[in-house]
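The following note sets out points for a colleague who has the coordinates at hand.

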Amino acid sequence: MVSHMLRMAGYQVLEAATGKQALSIAAGRPDLVLLDVHLPDIDGYEVCRRLRADEQTQDLLIAHLSAVSVQRDDRIRGLAQGADAYWTTPMEEEELLANIEALLRLQKRAQDAVRARDEFLTVAAHELKTPLTALRLHLERALYLTVRTPSETIPKASTEKSLKPALRQIDRLQQLLDALLDVSRVTTHQLRLDVSAVDLVETVGEMALRLEAQARVAGVELRFELPHEPIIIFGDRLRLDQVLNNLVTNAIKYGAGRPVHIRLEERTDQAAILVRDLGIGIAPEDQARIFGRFERATATRQSESLGLGLYIAKEIVTAHGGDITVSSKPGEGATFQVLLPLRRTERY
């Protein structure tokens, strides 16, 4: 009756009449093992214990279902042997299906978490490997010059040619590690803000000076529209600078060599920061996705990164009680808007 009910609900069901048959079927890794306690040869408790002891089946989802062993001690024994649930009958059809679906949902969440972890490790390993390889090559070249140079002195230009790129790769490694640490803090709800009075006009101006050289190398002109009077908010200056740096750096990277516009304005109860480029743009279906972890809007050469910058930026802005959005059309550039409250009353 249970098998028929499950099939009617759309499940594919494989039946075993004995414990040994159950062990054999479980080797095929079904989504759920619904296991009776009383079986002709091996009881369900032992079947469950063996499944948990086998590396091939140890992570299967197992639920006991019994109409006889319904006492408290029976349930404790079943769960102690490794079952994920212990249900007793009689049970209404809707209730049993609801329990099965709930258990399968929990399993899916766990599987999604494992996939996210594996993706995290894969992406992080790939991105960390690139600057490490370059760093190794530059240091090997410096060592080669040191060993092969006949005199005691090495030409300054040769040393500088090897060591400057090596230092850039160390900076890149530091940025990647900082991003990974920020993701860990966000995930574990340990992102802390060092709150003080922040002048956004001053913060944007300092950021402009810092990124001027990078923009010039990329052939991009940074154009600023800043009010003459300060705009003061309460927030974490370093974290807000991190958001601005990410948005402007991305605009330089994807702006196709055209000017990047940064505008700061004061509205009724908010400060608005707008960063607009005239580059490749972002497709509508990607505009929400790019704020997720490891998400990149393009597969171009410029997009080589962990895909964490916008995710971290959004979390920082949200922690300040603000909002970050993007509007864009492919080929027409993109505008990122950050809105921050001027007067925040609730705690950070």
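**Notes on the predicted model**

1. The place of proline 90 is in the loop between strand S3 (85-88) and H5. The model is a predicted one, and in it the peptide bond that runs from threonine 89 to proline 90 is cis, with omega near 10°. As background, most peptide bonds are trans.

2. Arginine 29 is not a glycine, yet its phi is positive, at about 55°. In general, most residues other than glycine have a negative phi.

3. The next point is the pairing of H2 with H3. Two packed helices are described by the angle between their axes and the distance between the axes. For helix H2 (residues 19-26) and helix H3 (residues 44-53), the packing angle is about 30° and the axes are 10 Å apart. Since angles under 35 degrees count as roughly parallel, H2 and H3 are therefore roughly parallel to each other. The crossing of these two helices, H2 and H3, is right-handed.

4. As to the residues involved, H2 contributes Gly19, Ala22, Leu23 and Ala26, and these meet Val47, Arg50 and Leu51 of H3. Sorted by class, the contact of H2 with H3 comprises five nonpolar residues, one polar residue and one charged residue.

5. The axes of H8 and helix H9 (residues 309-319) cross at roughly 145° and come within 9 Å. The crossing of H8 and H9 is left-handed. On the H8 side, the contact is made by Arg239, Gln242, Val243, Asn246, Leu247 and Asn250. On the H9 side, Gly309, Leu310, Ile312, Ala313, Ile316 and Val317 take part. By class, the contact of H8 with H9 has seven nonpolar, four polar and one charged residues.

6. Turning to empty space, rolling a probe the size of a water molecule over the atoms shows where such space is left. The second largest pocket holds about 920 Å³ of space. Its lining consists of 29 residues, and the closest to the pocket centre are Leu6, Val13, Leu14, Leu32 and Leu34. The elements that give two or more residues to this lining are helix H1 (2-8), H2, strand S1 (33-36), strand S2 (62-66) and helix H5 (93-148).

7. Which element gives the most to the lining of the second largest pocket? That element is S1, with four residues. The lining of the second largest pocket divides by class into 21 nonpolar, five polar and three charged residues.

8. How many cavities of 30 Å³ or more are there? The count comes to one. About 40 Å³ of space lies in the largest cavity. The residues that line the largest cavity are Leu200, Leu240, Val243, Leu244, Ile273, Val317, Val338 and Leu340. Helix H8 (237-254) and strand S10 (334-341) are the elements that give two or more residues to this lining.

9. The largest share of the lining of the largest cavity comes from H8, with three residues. By class, the lining of the largest cavity has eight nonpolar residues, with no polar and no charged ones. Val243 and Val317 line the largest cavity, and both also take part in the contact between H8 and H9.

Key:
Residues are numbered from 1 along each chain as its sequence is written. This is a predicted model: local features need pLDDT of at least 70, side-chain atom pairs count only at pLDDT 80 or more; totals for chains, interfaces and linings use all residues. Side-chain values use heavy atoms; hydrogens and water are left out. Axes are lines fitted to C-alpha atoms, for helices over the stretch in contact, and angles run from 0 to 180 degrees between N-to-C directions. Angles under 35 degrees count as roughly parallel, over 145 as roughly antiparallel, 65 to 115 as roughly perpendicular and the rest as oblique. A crossing is left-handed if the near helix is turned anticlockwise from the far one by less than a right angle, and right-handed if clockwise. Contact means heavy atoms within 4.5 Å. Ala, Val, Leu, Ile, Met, Phe, Trp, Tyr, Cys and Pro count as nonpolar, Asp, Glu, Lys and Arg as charged, and the others, Gly among them, as polar. On a 1 Å grid over the protein atoms alone, a cavity is a set of points where a 1.4 Å probe fits but cannot get out, and a pocket is an open set with protein on both sides within 12 Å along at least five of seven lines; lining residues have an atom within 4 Å of a point. Grid points are joined across faces, edges and corners, and a volume is the space filled by probe spheres set on the points.
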